[in-house]
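Visitor: Hi, I have a structure open and I'd like a quick tour. Can you walk me through it?

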Amino acid sequence: MKANNITLIGMPGSGKSTVGVLLAKTLGYRFLDTDLLIQQREEALLQDILDKLGVEGFLDVEEAAIAGLDCEDTVVAPGGSAVCRAGAIGRLKELGKVVYLHVPLAELERRVSNITTRGIAMEPGQTLADVYAIREPLYRKYADLTVDVMEKSSLEETVAAVVACLR
């Protein structure tokens with residue numbers, strides 16, 4: 001297997017799935033959303049899996065799903081929590097380049113309104129700011145490339161920035 005995939009990491013609301021679909025079209029790649037893969041494997045919505053298993057149990061399920069990935073010429077959009085487990089992020093790094101879509105916290109808070117039902121791996125009482133504080137250093141640590149997504153960036157501009165970064 002060639003390690004020619006591109007994985008987009010970042011916070012919930014950073015645009016991994018949306019940008020990923022357009023990036024895959026631009027590059028002629030396939031697109032894989034690991035959240036959808038997890039939902040299919042578990043036959044449940046992310047939020048229901050979180051409610052049933054808790055955050056640690058969910059991270060175990062996510063890590064197992066990502067560890068089993070075998071793809072090439074694919075843009076992978078994992079959940080924002082993929083960086084929380086060494087096995088998950090390690091596998092993504094084996095598969096190819098990891099690009100961090102960095103979105104400022106204020107913009108994420110504007111974009112993510114359904115925080116309690118969206119299936120975000122966070123402990124009860126945690127805010128998006130709490131999750132950001134924990135994960136942001138991990139995204140920077142594991143990223144091969146970082147693309148700063150500006151508040152007024154269009155999807156096309158973000159995709160173009162990722163493509164430019166990859167070249």
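Guide: Start with one idea: two packed helices are described by the angle between their axes and the distance between the axes. Axes here are lines fitted to C-alpha atoms, for helices over the stretch in contact. And keep in mind that this is a predicted model.

Visitor: Which residues make the contact?

Guide: From α3, they are E63, I66 and A67. From α4, they are A86, G87, A88, R91 and L92. By class, that contact of α3 with α4 has five nonpolar residues, one polar and two charged.

Visitor: And α2 with α3? At what angle do they cross?

Guide: Roughly 110°, and their axes come within 11 Å. That makes α2 roughly perpendicular to α3. Here α2 passes α3 in a right-handed crossing.

Visitor: Who touches whom there?

Guide: On the α2 side you find T34, D35, L37, I38, Q39, R41 and E42. On the α3 side you find L46, I49, V61, E62, A64, A65 and I66. The classes are eight nonpolar, two polar and four charged for α2 with α3.

Visitor: What sits between α2 and α3 in the chain?

Guide: A loop, and E43 lies in it. Helix α2 runs 34–42 and α3 runs 46–67. The phi of E43 is near 50°, a positive value in a residue other than glycine.

Visitor: Is E43 buried or exposed?

Guide: Exposed, because its relative accessibility is 73%.

Visitor: Which residues meet?

Guide: α1 supplies T18, V19, L22, L23, T26 and L27. α7 supplies L155, T158, V159, V162, V163 and L166. Sorted by class, the contact of α1 with α7 has nine nonpolar residues, three polar and no charged.

Visitor: New topic, strands. Where is V99?

Guide: V99 is in strand β4, residues 96–102. It is buried, with a relative accessible area of 0%.

Visitor: What does V99 touch?

Guide: Leaving out residues up to four places away in sequence, V99 touches I6, T7, L8, I9, L145, V147, V162 and L166. V162 and L166 also belong to the α7 side of the contact with α1. V99 and T7 are 92 residues apart in sequence, and their C-alpha atoms are 6.0 Å apart in space.

Visitor: Which strand holds T146?

Guide: Strand β5, residues 145–148. T146 is partly exposed, at 31% relative accessibility. Beyond four places in sequence, T146 touches Y100, H102, R140 and C165. L23 is 123 residues from T146 in sequence and 15 Å away in space, C-alpha to C-alpha.

Visitor: You named a cysteine. How many disulfides are there?

Guide: Zero, counting a pair of cysteine sulfur atoms within 2.5 Å as a disulfide. C165 is partly exposed, at 26% relative accessibility. C84 is partly exposed too, with 31%.

Visitor: Last one. Where is S113?

Guide: S113 is in the loop between α5 (105–111) and α6 (128–142). S113 is exposed, with a relative accessible area of 68%. S113 and P137 are 24 residues apart in sequence and 23 Å apart in space, C-alpha to C-alpha.

How values were computed: Residues are numbered from 1 along each chain as its sequence is written. This is a predicted model: local features need pLDDT of at least 70, side-chain atom pairs count only at pLDDT 80 or more; totals for chains, interfaces and linings use all residues. Side-chain values use heavy atoms; hydrogens and water are left out. Helices (H or I, at least four residues) and strands (E, at least two) are DSSP runs, numbered from the N terminus. Buried means under 20% relative accessible area, exposed over 50%, partly exposed in between (1.4 Å probe, protein chains only). Contact means heavy atoms within 4.5 Å. Ala, Val, Leu, Ile, Met, Phe, Trp, Tyr, Cys and Pro count as nonpolar, Asp, Glu, Lys and Arg as charged, and the others, Gly among them, as polar. Axes are lines fitted to C-alpha atoms, for helices over the stretch in contact, and angles run from 0 to 180 degrees between N-to-C directions. Angles under 35 degrees count as roughly parallel, over 145 as roughly antiparallel, 65 to 115 as roughly perpendicular and the rest as oblique. A crossing is left-handed if the near helix is turned anticlockwise from the far one by less than a right angle, and right-handed if clockwise.
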